[in-house]
Amino acid sequence: MIGRKASTLGLGMLLAVAACGGGTTATNSPATGQNIGGSVNLWAEWSSSEQQAFKAALVPFTTQTGVTVNYTSKGSTISTALGSAIQGGAPPDVALVPDPGTVQTLAKQGSIKDLTSIVGSLSANYGDAWNQLVTANGKLYGVWFKGANKNTIWYNPAEFAAAGITTPPTTWEQVISDAATLKASGIAPFSLCTDIGWPVADFWQNIYLKTAGATAYNSLSTHATKWTDPTVTAAFTTFGQLVGQPSNLLGGLNGSLSNAYPACVDKVFPKSGASPQAAMVFEGDFVANEVKANSANYAPGTTGTGGAACSIDPAKTPCYNFFDFPAPAANSANQGAVQGAGDVAIMLKDTPQSEALVKYLAGPTGASIWATAGGFTSPNKTVPSSAYPDPVTQKDAQALVNATSFVFSLDDLQGTWEPMMWTDMLNFLKNPSNVTAIQATMDAQATAGLGH
Amino acid sequence: MAEIGTEATPRARRRAAAVNEGGNPGGGWRDHLGSLAFLAPGAIFLLAITVYPLVATARNSFYDATATNYVGLGNYQEIFSTSSILVTFRNNVIWVLVFPFLVTFIGLVYGVLSERIRWSTAFKTIIFMPIVFSATASALVWRTIFDLDPHIGIVNAAIQTASDWVSPPGLYPVDTSSGQTVAGLAATGVSSAPKDSLESSSTVTAGNSIELGLIGVSPATLQLTGSQTAVVPTQSPGAVTGLVWRDFSPTNPTAKGQVLPDELGFAGLKLTLLRSDGSSAGTAVTDAHGDFLFGGVGSGDYKVQIDPGNFSSGFTGVFWLGAQSLTPTSSLNQTAQALLSVPLVDISMILAYLWIWAGFAMVVIGAGLASLDREVLEAARLDGAGEWQTFRRMTMPMLAPVLIVVIVTMLINVLKIFDIILNMAPGSSQGEANTLALAMYNFGFTGLGNWGLASALAVILFILVIPAIVLNLRRIRG
């Protein structure tokens with residue numbers, strides 16, 4: 001039967017491959033590019049189209065070094081899976097994890113290797129803000145590969161031009177005054193996404209980051225700062241300057257409450273044939289995917305009014321662009337603080353193949369390939385701007401690279417009380433004057449949910 | 001129908017047969033070894049998927065979130081002291097009190113109707129069809145029907161059409177429900193006036209002109225009303241002339257008060273000339289360039305009023321799926337609000353659920369009606385009883401068992417209501433529309449991850465359903 005021959009052949013090939021790949025030359029550290037052969041086991045969270053893009057990014061690595069990459073997609077539960085694998089004694093060689101908290105925990109446990117001797121301090125590749133997140137006890141444990149920016153307010157450049165706003169706002173106060181100008185020109189300033197509350201939480205977290213700073217933000221994430229703290233009240237007050245005025249939001253309060261994601265994006269960047277109903281929408285850089293999905297005609301606007309081609313006429317070219325979430329003028333020191341997400345490579349087994357892979361991931365080649373394919377930005381300074389397909393993505397990447405501090409989304413770190421936090425944010429929206437009671441409720445929920 | 005409540009149970013019958021044959025009435029399990037062997041696989045399966053989870057859930061309800069540490073009645077205490085969970089009890093009460101009786105009533109009406117109309121088969125098919133659709137699909141459809149935007153939601157569109165026919169909206173509607181104000185339109189030389197109108201800030205006399213600048217309206221809206229570039233008015237003796245224009249220029253955003261070449265006039269605005277005592281001295285409508293003229297004006301100071309009718313927005317949509325309470329509970333404390341509010345979204349969801357289940361009630365009650373003894377009803381009619389009397393005193397009591405079956409079945413159905421809440425209530429209303437089953441799902445199977453609390457909710461739900469099930473079983477056994 002065919003099956004028997006094939007299985008014998010397959011077994012033979014398997015044995016041959018195993019014999020080739022099992023070298024114990026851990027004492028050698030070949031430079032990147034030297035053909036060493038062998039294989040490396042790699043875990044990351046990406047699947048389907050992202051997996052294909054990642055695999056394409058790794059092709060030069062295999063060509064240069066002859067190392068086969070055995071990639072396994074672990075989905076969003078990768079941190080938990082990694083923990084179990086380490087305990088079980090069968091971890092991968094290299095893994096890309098989506099949160100720096102995991103890196104710190106594993107570093108303290110001694111489960112991952114110090115990368116300083118392999119890649120150096122990487123100060124030429126990443127800003128201090130990024131390296132600090134994956135440094136423990138003065139040693140570097142992670143190499144950042146992918147980053148996402150949640151610090152973006154997306155705007156319709158043609159609407160801004162129609163309102164006579166030539167440059168997007170750079171301070172929070174300008175956002176409020178631009179909102180008044182937009183109202184005068186006859187368009188709703190903001191399309192506020194509410195859904196079950198997570199976009200409102202993201203918005204408020206950005207305000208907190210820009211008013212109180214990254215240190216206070218991280219302190220609040222772990223509940224070392226209480227939710228009844230004056231900095232929290234100040235953030236709510238600032239938020240209230242925008243959302244306390246229902247005329248700033250498309251449809252007022254009820255319109256906002258029925259505004260789910262991604263329908264709220266369609267109100268600013270509608271499908272072809274419809275006119276925009278609002279000028280700005282806040283959410284992370286994944287909004288760009290929704291915009292382009294609405295119509296292939298969307299042109300990425302350049303910094304400024306977006307170019308002469310942009311128009312709100314449904315028959316002409318629509319544009320999209322974003323500006324960095326601005327800090328109030330008094331807190332301009334926090335302007336460079338960025339909230340977002342990212343994937344960082346860690347090494348669990350020190351082999352020449354895994355060292356070569358980590359060095360490759362720290363370089364520009366892999367990231368540039370995925371960047372050109374689209375849907376990817378990297379905090380790596382060595383990735384050239386030209387690798388990104390359009391000026392909007394370039395600007396997005398620049399914001400990541402130049403971040404003076406980088407924090408991860410606060411609500412995702414709250415564990416079981418995260419949905420309650422979202423509901424509290426919606427309650428604030430419904431009644432902005434009720435801040436003190438809401439803060440007290442949030443603090444009690446945080447204590448119950450986090451255990452401290 | 002005639003068998004309900006009159007047959008002895010199969011077990012009693014077997015016992016009687018055994019006694020009649022002179023055998024041991026107790027049976028003895030050795031005699032039934034064969035049947036037990038056949039029953040065993042099914043019984044083990046049943047035990048595994050119903051009895052074991054039941055016992056495990058009951059056990060977990062006394063443990064903590066990860067089901068490892070014993071917390072006694074802690075979960076139950078938490079349920080009854082957290083207002084967001086008390087909301088679920090209140091919603092379940094609303095569903096239980098309103099839905100079963102409403103659906104039975106509608107089913108009765110349909111059942112009686114379907115007997116008397118000609119196309120009864122087609123009618124019954126149409127009414128029954130919604131049961132075939134999944135509740136999720138129906139929920140999504142109804143969510144669109146109740147959408148806030150009159151361009152999307154049929155309900156709001158219908159109301160808007162009727163409202164616009166009775167009192168048409170103005171050319172430049174200002175939607176006050178979304179926070180916009182008529183006063184916000186005033187820019188240059190205009191101030192707000194009572195009853196949502198605008199008037200000129202300064203007075204004007206015959207032979208002079210006045211310019212009124214407005215903002216807050218987009219060029220797109222102006223183009224739809226046929227507005228063209230604003231033209232500075234010429235003065236005319238014995239008349240008051242003027243211009244109403246959009247005082248906003250994108251090329252010169254800071255220049256206010258002047259009529260710039262790229263600014264549009266407001267066409268079609270209805271104006272009134274007011275004397276100093278407030279009485280009207282004439283009306284006018286602005287032309288395509290925003291210019292107006294009041295002719296035959298006498299001496300004295302006048303103000304120009306922009307009539308409120310220009311800005312009436314008519315009906316802009318009710319947020320049918322919103323969590324606003326129908327009962328006035330906004331001044332109460334959190335727990336009282338949780339227990340006493342009746343969110344509007346509940347009513348909308350009940351309507352959607354009625355659409356889904358009215359067919360079931362109609363079919364069951366229709367069958368009941370069909371099996372009624374016609375001769376008794378004929379006799380009543382011959383005796384001179386009217387239609388309504390016959391219905392109330394003869395049909396209804398005879399139908400009572402059927403009605404109770406429908407009510408109890410729907411009660412059990414509604415106690416575990418879940419998928420329509422999840423799919424129909426928008427994200428912002430989920431908290432207020434929450435029910436016991438949905439809360440159990442959220443705590444157990446989503447990010448909240450609290451097995452103890454979810455198990456406690458499941459136990460409470462089980463306890464609440466027991467009376468209905470006992471009632472049903474009693475009816476079947478007799």
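Domain bounds are those of an automatic or database domain assignment. On this basis chain B is divided into domain 1 (82–149 + 333–434) and domain 2 (176–311). The centres of domain 1 of chain B and domain 2 of chain B, taken over C-alpha atoms, are separated by 55 Å. The model is predicted: local features need pLDDT of at least 70, side-chain atom pairs count only at pLDDT 80 or more, and totals for chains, interfaces and linings use all residues. Residues are numbered from 1 along each chain as its sequence is written, while chains are lettered from A and ligands numbered from 1 in the order in which they are written.

Helices (H or I, at least four residues) and strands (E, at least two) are DSSP runs, numbered from the N terminus. Helix H10 of chain B (residues 344–370) has 27 residues and reaches 38 Å from its first C-alpha to its last, close to the 39 Å expected at 1.5 Å a residue; the expected span is 1.5 Å times one less than the number of residues. H10(B) bends by about 40° at Trp357(B), the bend being the angle between axes fitted to the seven residues ending there and the seven starting there.

In chain A, strand S12 (residues 337–347) has 10 of its 11 residues buried, where buried denotes 20 or more other C-beta atoms within 10 Å of a residue's own, with C-beta atoms placed from the backbone. Strands are taken to pair if DSSP finds at least two bridges between them. S12(A) pairs in the antiparallel sense with strand S3 (residues 94–97) of chain A over 4 bridges, and Leu96(A) stands opposite Ala345(A). Strand S6 (residues 143–149) of chain A also pairs with S12(A) in the antiparallel sense, over 6 bridges, with Gly147(A) bridged to Gly342(A). The pairing of S12(A) with strand S13 (residues 405–408) of chain A is parallel, over 4 bridges; there, Ala337(A) has Ser405(A) as its bridge partner.

Between the chains, 30 residues of chain A are in contact with 30 residues of chain B, contact meaning C-beta atoms, placed from the backbone, within 7 Å. Helices H7 (157–162), H8 (172–185), H12 (252–257) and H18 (418–430) of chain A each supply at least two residues of the side that touches chain B.

H18(A) is largely enclosed by the rest of the structure, because 10 of its 13 residues are buried. Among them are Trp422(A) and Phe428(A). The buried residues of H18(A) pack against H9 (198–212), H11 (230–243), H12 and H19 (435–450) of chain A, together with helix H14 (430–433) of chain B.

Note on methods
Buried ≥ 20, exposed ≤ 12 C-beta atoms within 10 Å, placed from the backbone. Contact = placed C-beta atoms within 7 Å.
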